[in-house]
Amino acid sequence: MQRTVVTINSNGRQSASFIRVASALGWQVRAQMRDMNGIVAEELSGLPHVTVYVGRLEDRRFLDDLFKSAQCAFINTTHWGDEVAVGKLLADAAKKAGIQHYIYSSMPDHSVFDKNWRALPLWAPKFTVEQYIRQIGLPSTFIYCGIYHNNFTGLDFPLFRIEHQSDGSFVWQAPFHPDQKLPWLDSEHDIGPAVYQLFKEGPRKWNGKRIPLAYEVLTPKEVCKAFSRGLKRPVRYKRGPIVINVPTPVGYREHLSALEETLAEKGAPYFGPDLEKDCPGVALELWEGNRGMEEYAQEVFPVEEAANGLTWMEEVETPRREVELDFQVNC
């Protein structure tokens, strides 16, 4: 049976990852975008079986047209605009259209689990939308995505900057304890196949379930060790405050502040306390071909860095043995 699936914010990492898989497997994809700007929009619009719907998610008539006669939907709302209002509109439109399986990309509201944990402002609205989807009885599954490998960058961005040093090594500074376990996944490589498998197995198995989508649980020290092996260069972890050196929206600043307090200082579990036991086991059952941190560092990170105009990868590589010895000393 050929399926029609709806995606929104389709040039984002999560939706784009799924669209590439669904298109390759012959599904009809209705990919909502606000505009056609950018290379990802151009790429996706050229894929077979993909129809781009340009429109605003606040428009009820547009949503009715988007969902009409479709069977499935993969929905990842964003914080641009009123995320809760948009999330409810989408769920209502899907319910009205008779969507048979609605996969929503959610995240926890930590304040629900512990009054001493501060909610992360860019995550908590997703949890609110999740509760609404449950209330209206839409057949649904909720994925909780770990930290993207693709967040790492040599550019001067907060939290995941991996800073190139004059001696050819790198330093990642973040507020997490060096031995704090954190969930990770490669967003572009691994979200799409996992979501496809959830659709394939259907709501009979997954209705109402929360899925912690992460393929490795690594401490910051272990992340640096994987990067050291992948890059064949010393990579050192340094625990320190989040440094903001570039213009950053107020909402994201508030999110980083809450993250630093709740996850780093208080050590709250990334997904909340009820999903830790299922990570990474459930994700690996859905998709075994994941790209690990070391593979990402070796094969993808230098390409992304070059695309951002950085040139450190053109230097002579540090011998492997020196990397391993330096890592043991510094990390």
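1. A contact here means heavy atoms within 4.5 Å. On that basis, taking contacts between residues at least 6 apart in sequence, 76% join residues at least 24 apart. The model is predicted, and the points below should be read with that in mind.

2. Overall dimensions. The chain has a radius of gyration of 20 Å, which agrees with the value near 20 Å for a compact globule of 331 residues. Along the principal axes, the C-alpha atoms fill a box of roughly 60 × 45 × 40 Å. The secondary structure comes to 14 helices and 13 strands.

3. Burial and surface. Of the 331 residues, 52% are buried. The chain exposes about 14900 Å², and carbon and sulfur atoms supply 49% of that area.

4. Charge. There are 43 negative and 37 positive side chains. The centres of these two sets lie 6 Å apart.

5. Aromatic pairs. The count of aromatic pairs comes to 22. One of them joins tryptophan 27 and tyrosine 196, with 5.3 Å from centre to centre and 55° between the planes, and this pair is tilted. The two residues are 169 apart and belong to distant parts of the chain: tryptophan 27 sits in the loop between helix H1 (13-24) and strand E2 (28-33), while tyrosine 196 is in helix H7 (residues 187-201).

6. Accessibility of that pair. The cut-off for buried is under 20% relative accessible area. Tryptophan 27 has 6% relative accessibility and therefore counts as buried. Tyrosine 196, at 17%, also counts as buried.

7. A second pair. The ring centres of phenylalanine 227 and tyrosine 296 are 6.3 Å apart and the planes stand at 70°, so this pair is edge-to-face. It too links distant parts of the chain, with phenylalanine 227 in helix H9 (residues 220-231) and tyrosine 296 in helix H12 (residues 293-299), 69 residues apart. Phenylalanine 227 counts as buried because its relative accessibility is 1%. Tyrosine 296 is buried as well, with a relative accessible area of 0%.

8. Ring cluster. Phe227 and Tyr296 also belong to a cluster linked by ring pairs.

Terms used: Residues numbered from 1 in each chain as written. Predicted model: local features only at pLDDT ≥ 70, side-chain atom pairs only at ≥ 80, totals over all residues. Heavy atoms only, no water. Helix = DSSP H or I, 4+ residues; strand = E, 2+ residues; numbered from the N terminus. Rg over C-alpha atoms; globule rule 2.2 N^0.38 Å. Buried < 20%, exposed > 50% of the residue type's maximum accessible area, 1.4 Å probe, protein only. Areas by Shrake-Rupley, 256 points an atom, 1.4 Å probe, with all protein chains shown as cover. Lys, Arg positive; Asp, Glu negative; His and termini not counted. Charge placed at Lys NZ, Arg CZ, Asp CG, Glu CD. Phe/Tyr/Trp six-rings, centres within 6.5 Å; stacked < 30°, edge-to-face > 60°.
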